[in-house]
Amino acid sequence: MLSLQELSDRAEIEQLIVRYSNSIDQRHWDGLDEVFTPDAYIDYRALGGIDGRYPQVKAWLGPALGNFPHYCHMVGNIEITLNGDRASARTLCINPMDTPLPGGGSQVMFLGLWYNDQFVRTPRGWRMSERIEEGCFQHNVPAHMAIPAA
Amino acid sequence: MTQLRTLSDRSEIRALIVRYSNALDARRFEWLDEIFTHDAWIDYRATGGIAARYPAVRNWLPPAVTVFPHMCHLIGNISITLAGDSASARTLCLNPVEVPLPPGGSQIMFLGMWYRDALLRTAHGWRMKERVQESCFQHNVPANLRVPATPA
């Protein structure tokens with residue numbers, strides 16, 4: 001039987017993963033300060049983004065995502081492995097993105113990816129110390145968009 | 001208030017259902033040995049697969065699935081009913097699959113289905129003893145692929 005501690009850790013880590021999606025989808029970049037450690041390593045290269053430490057990635061996000069009028073990051077299949085004050089998780093994300101077309105109008109592309117995450121327990125709760133994207137499927141990507149093949 | 005035992009059972013069963021998706025999507029078919037009972041009944045006929053006991057399905061899966069370069073089985077809406085050392089669950093699955101096309105290239109089809117599961121508490125933890133697919137929707141299925149039509 002799982003202990004209350006383990007159930008609590010799992011619930012808090014799941015919430016952290018959801019909070020990331022909600023911060024990104026609401027363009028509330030400062031909300032990410034409560035998600036990542038200050039020196040977290042983030043790698044978005046699988047879908048054409050950058051990799052770097054959290055401060056650099058946070059500054060990049062606003063302009064990079066400002067190009068997309070609507071998007072959402074629906075997560076599921078969260079598989080967490082606890083190890084004391086550390087944890088790792090693999091999470092599936094379905095990511096529809098409203099993408100403007102050069103000739104006007106827009107088109108919704110659908111990206112599938114996994115997040116491979118590392119976590120650390122801090123005095124202020126669990127924080128993400130690493131997030132690495134892994135590509136799955138790409139559907140309806142406009143011809144002018146360059147996304148690395150999965 | 002829900003008891004710790006019940007919360008624990010629900011958490012472990014949800015983890016087992018997620019583990020199944022990850023085993024298929026990562027093509028780690030050996031993980032399925034820790035998910036199903038040895039004699040589990042599995043019915044994939046709703047999406048064009050076989051129905052058989054676990055050992056036959058375990059052999060059928062790798063060649064059937066590795067045809068597809070990318071796929072994922074996103075699950076949600078997990079509804080679990082506990083009954084002591086048994087349980088049942090109904091889970092919704094959204095399943096995008098990259099399908100190679102005969103002239104080259106590929107196309108993403110989207111399948112929606114439910115899993116109807118029966119589960120059993122064993123000495124090694126919860127295991128699935130039955131998984132039956134129930135089809136929901138099919139979108140963008142290539143003409144060269146045969147998926148049974150969803151019953152009305």
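In what sense do strand β4 and strand β5 of chain A pair, and over how many bridges? Thanks for coming, everyone; let's start there. Strand β4, residues 86-100 of chain A, and strand β5, residues 106-122 of chain A, pair in the antiparallel sense over 15 bridges. Before going on, a word on the model: it is predicted, so local features need pLDDT of at least 70, side-chain atom pairs count only at pLDDT 80 or more, and totals for chains, interfaces and linings use all residues. Residues are numbered from 1 along each chain as its sequence is written, while chains are lettered from A and ligands numbered from 1 in the order in which they are written.

Two terms will come up a lot. Strands (E, at least two residues) and helices (H or I, at least four) are DSSP runs, numbered from the N terminus. Two strands pair if DSSP finds at least two bridges between them.

Back to chain A. Ala87(A) has Phe119(A), in β5(A), as its bridge partner. The hairpin of β4(A) and β5(A) has 5 residues between the strands, and there Gly104(A) takes a positive phi near 105°. Next along, β5(A) runs antiparallel to strand β6, residues 125-139 of chain A, and 12 bridges join them. This hairpin has 2 residues between its strands. Here Trp114(A) has Glu134(A) in β6(A) as its bridge partner.

Now look at Tyr41(A), in strand β1, residues 36-43 of chain A. Is Tyr41(A) buried, partly exposed or exposed? Tyr41(A) counts as partly exposed because 17 C-beta neighbours lie inside 10 Å; buried takes 20 or more other C-beta atoms within 10 Å, exposed 12 or fewer, with C-beta atoms placed from the backbone. Arg53(A) is 12 residues from Tyr41(A) in sequence, yet their C-alpha atoms are 4.7 Å apart. Leaving out residues up to four places away in sequence, Tyr41(A) touches Arg53(A) and Glu130(A), where contact puts backbone-placed C-beta atoms within 7 Å.

Let's move to chain B. Its open sheet of 6 strands, with mixed pairing, has the order β2-β1-β6-β5-β4-β3. At the edges, pairing on one side only, are β2 (51-53) and β3 (74-83) of chain B. Strand β1, residues 36-43 of chain B, pairs with β2(B) in the antiparallel sense over 3 bridges, and Trp41(B) stands opposite Arg53(B) in β2(B). Helix α2, residues 54-65 of chain B, packs on the sheet and touches β1 and β2 of chain B, its direction making about 70° with that of β1(B). For such angles, axes are lines fitted to C-alpha atoms, for helices over the stretch in contact, and values run from 0 to 180 degrees between N-to-C directions.

Technical notes:
Two residues are in contact if their C-beta atoms, placed from the backbone, lie within 7 Å.
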